[in-house]
Amino acid sequence: IVFKNTYDAMAAEKKLKEKNLNFRIMPTPTSITMSCGICIRIDEKEEIHTIIDNKVLEYKNIYFKESEGYVH
């Protein structure tokens, strides 16, 4: 999950912690650097759908890692 700025990324971290979702903060991959310098990685697709469906976070885009790179 990438964000438009660091403030949104930090707010997302707080919300995800409150919801006890498994995630980690990491540098945004260089192939998607048009975003904030940090992103959140979530390995469970069910958790990602919870975020999208319930509008839990303000985010710029969600990318999925595939063999050819990142797609959204």
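User: What makes a residue part of the lining of a pocket?

Analyst: A lining residue has an atom within 4 Å of a point of the pocket. In this predicted model, 18 residues line the largest pocket. Arg41, Ile42, Tyr63, Phe64 and Lys65 lie nearest its centre.

User: Which elements supply at least two residues each of that lining?

Analyst: They are β2 (38-41), α2 and β3 (64-66). The space in the largest pocket is about 370 Å³.

User: Why is Lys17 called exposed?

Analyst: Its relative accessible area is 53%. Exposed means over 50%, so Lys17 is called exposed. Lys17 lies in helix α1 (residues 6-18). Lys17 and Tyr59 are 42 residues apart in sequence and 16 Å apart in space, C-alpha to C-alpha.

User: Which members of the largest nonpolar core touch the most other members?

Analyst: Of its 14 residues, these are Ile1, Phe3, Leu16, Ile40, Ile42, Ile51 and Leu57. Helices α1 and α2 (45-54) each supply at least two residues of this core. α1 gives the most, with three residues.

User: What makes a residue a member of such a core?

Analyst: A member is buried, which means under 20% relative accessible area. Members are joined through side-chain atoms within 4.5 Å.

User: Which residues does Ile51 touch, not counting those up to four places away in sequence?

Analyst: Ile51 touches Ile1, Leu16, Leu21, Ile42, Val56, Leu57 and Tyr59.

Methods. Residues are numbered from 1 along each chain as its sequence is written. This is a predicted model: local features need pLDDT of at least 70, side-chain atom pairs count only at pLDDT 80 or more; totals for chains, interfaces and linings use all residues. Side-chain values use heavy atoms; hydrogens and water are left out. Helices (H or I, at least four residues) and strands (E, at least two) are DSSP runs, numbered from the N terminus. Buried means under 20% relative accessible area, exposed over 50%, partly exposed in between (1.4 Å probe, protein chains only). Contact means heavy atoms within 4.5 Å. On a 1 Å grid over the protein atoms alone, a cavity is a set of points where a 1.4 Å probe fits but cannot get out, and a pocket is an open set with protein on both sides within 12 Å along at least five of seven lines; lining residues have an atom within 4 Å of a point. Grid points are joined across faces, edges and corners, and a volume is the space filled by probe spheres set on the points.
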